[in-house]
Amino acid sequence: MAKPIVLIAEELSPATLEALGPDFEVVNCDGANRAELLAALAKGVDAVLIRSATKMDAEAIAAAKGLKVIARAGVGLDNVDIPAATAAGVMVVNAPTSNIVSAAELAISLLMASARFISPAHAALRNGKWARSKYTGAELFEKTLGIVGFGRIGQLVAHRMQAFGMDVVAYDPYLQPARAAQLGVRLVELDELLKVSDFITIHLPKTKETANLIGVDALKKVKPSVRIINAARGGVLDEAALFDAITQGRVAGAGIDVYSTEPCTDSPLFTLDQVVATPHLGASTDEAQERAGIAVAVSVRKALAGELVPDAVNVKGGEIHEEIRPSLPLVEKMAQIATAFAGEAPVSMDISVRGEISEHDSSVLATSALKGALIACGVNDVTYVNAPALAAERGLTSEVATDPDSPEYRNMISLRAALADGKIVTVDGTLVGIRKDEKIIAIDSFDLDLAPTENLLFLRYVDKPGVVGAVGNALGKAGINIAGMQVARSSAGGSALMSITVDSPISDDLVLAVKKETGAELVRSVTLVG
């Protein structure tokens, strides 16, 4: 089989290619060259790896033949049209934690450089001026640092600046005060932070709500000695308002790494000695670039192997707990079996997660069930990205419920598929042993111990002598080798369910022949995918 094709659209670290490994055909293009990018995508690629210069907009996504994954080796996704990718069933992944240390360290560097006039003092010395008395700065010790946005980067900054003897306050409407208290930080409202802070550092994404959050009104509430740092996203800090505040003596200084429009080379802020500015260097360290490349390479490998990727930004479910992850393919297969038994698409599926794993977020299993049912219905190119939308088009829904009580198994998952006529098909499964081997343990209340291998045959019939022999004879004539067989029954002479694992797919004609030979009320062959 041909290797999956991965398009590298921008320069990435050698470690990225090493992380991809030998299982892919790697091609390169200049993603910033629009014509070259579109031509490369049109040739057919399975994944594209980009940084910030390549625009994967709706046009590029539409041009991409066979594209399954867009991987951004970094954090920001402003250059990716996520809705267009989702509609096309293309997974979008990034490396959300790759640059957090680098970004935190740069914010601290700007803060310290601003406090001590490092940039203008350096420039003066290079120009032959010993301007020692001109550049008297401020200490950090026993000063108050206000952090606007107390996520992962803000928390790293707080931890490091506490070592300088700074008192830290933070504004974050989405963080629980208890978490801040654990870190020795007091959560306050934005107005109080503006009022009490000697230094302010911004760590917020750019959204409609945060645009110009630190603007004209906010800058009227700060101390005139305050220094403001923005190494997060351009546009959160109003640059024009900041310039006015500094020139009017209402703000002492600033450290800026990001701008409302980039690249930016002519800002009035650059003319001020009170401002130290850098050209969006937050993630520009060898370590961050290497971490980002390795992270997205691993995500690409997982995505192209059909696994759900924790760093996928357009897949419902978010980060998946390691105890839930092995259940994803099991539930997919359970849904395929239930749909095959039904002989039609279900209208709804209820997944019940029981036992120890019920304490973890298992909502993603609803998507696993949808994906499995759609595959069983013959829908092509189903992914965790587009399965919810494809299912909604067909009126198919799924829900997950949890229950810590699991009397017979440490963990157990039940899938209940409801059909349009009100009939129900149930499939129960579990994971066994250290290797978490998949097992189907019941179908429609018939107890089994069945490994969901690729090719399966099921018969439901009235228990009577000769059925096993008739099935074996029919399969033997067709050259189908039986790997295993189980029979479950309600009682002697009552209803029975036979499950057979075979070494090759079973044709529709052979299904009809088996049904005729055995008189079974139901015969279903299942070729499991995944």
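This is a predicted model: local features need pLDDT of at least 70, side-chain atom pairs count only at pLDDT 80 or more; totals for chains, interfaces and linings use all residues.
**Entry 1**

I began with the neighbours of Asp198: leaving out residues up to four places away in sequence, it touches Lys143, Thr144, Lys223, Ser225, Val226 and Arg227. Next I looked up where Asp198 sits, and found it in the loop between α9 (190-196) and β9 (199-202). Is Asp198 buried or exposed? Its relative accessibility is 13%, so it counts as buried, the cut-off being under 20%. I also checked its side chain, which makes a polar contact with the side chain of Lys223 at 2.9 Å.

**Entry 2: aromatic pairs**

How many aromatic pairs are there? The count came to three, and I wrote up two of them, Phe117 with Tyr135 and Tyr259 with Phe270. To describe a pair of aromatic rings, I need the distance of the centres and the angle of the planes.

Phe117 and Tyr135 form a tilted pair, with 5.8 Å from centre to centre and 40° between the planes. Phe117 lies in the loop between α5 (100-115) and α6 (118-126), while Tyr135 lies in the loop between α6 and β6 (144-148), so the pair ties together parts that are 18 residues apart in sequence. I looked up burial too: both Phe117 and Tyr135 are buried.

Tyr259 and Phe270 make an edge-to-face pair, 5.7 Å centre to centre with 90° between the planes. I found both Tyr259 and Phe270 in the loop between β11 (253-256) and β12 (275-277), eleven residues apart. Tyr259 is buried, with a relative accessible area of 5%, whereas Phe270 is partly exposed at 34%.

**Entry 3: a four-stranded sheet**

Then I traced an open sheet of four strands, in the order β20-β21-β19-β22, with antiparallel pairing. Which strands stand at the edges? They are β20 (482-489) and β22 (522-527); each has a single partner strand, so one side of each is left without a neighbour in the sheet. On average, neighbouring strands of this sheet are turned by 15° against each other, ignoring direction.

I zoomed in on β19 (residues 455-462) and β22: they run antiparallel and are joined by six bridges. Leu459 stands opposite Val523 in β22.

Last, I looked for helices on this sheet. Helix α13 (residues 327-342) packs on it, touching β19, β21 (495-502) and β22, and its direction makes about 145° with that of β22. Helix α16 (residues 467-477) lies across β19, β20 and β21, and runs at about 30° to β21.

Definitions and conventions. Residues are numbered from 1 along each chain as its sequence is written. Side-chain values use heavy atoms; hydrogens and water are left out. Helices (H or I, at least four residues) and strands (E, at least two) are DSSP runs, numbered from the N terminus. Buried means under 20% relative accessible area, exposed over 50%, partly exposed in between (1.4 Å probe, protein chains only). A polar contact is a pair of N or O atoms within 3.5 Å; within protein, one must be able to donate a hydrogen and the other to accept it, and residues adjacent in sequence count only if both atoms are side-chain atoms. Contact means heavy atoms within 4.5 Å. Rings of Phe, Tyr and Trp (its six-membered ring) pair if their centres lie within 6.5 Å; planes under 30 degrees apart count as stacked, over 60 as edge-to-face and the rest as tilted. Two strands pair if DSSP finds at least two bridges between them. Axes are lines fitted to C-alpha atoms, for helices over the stretch in contact, and angles run from 0 to 180 degrees between N-to-C directions.
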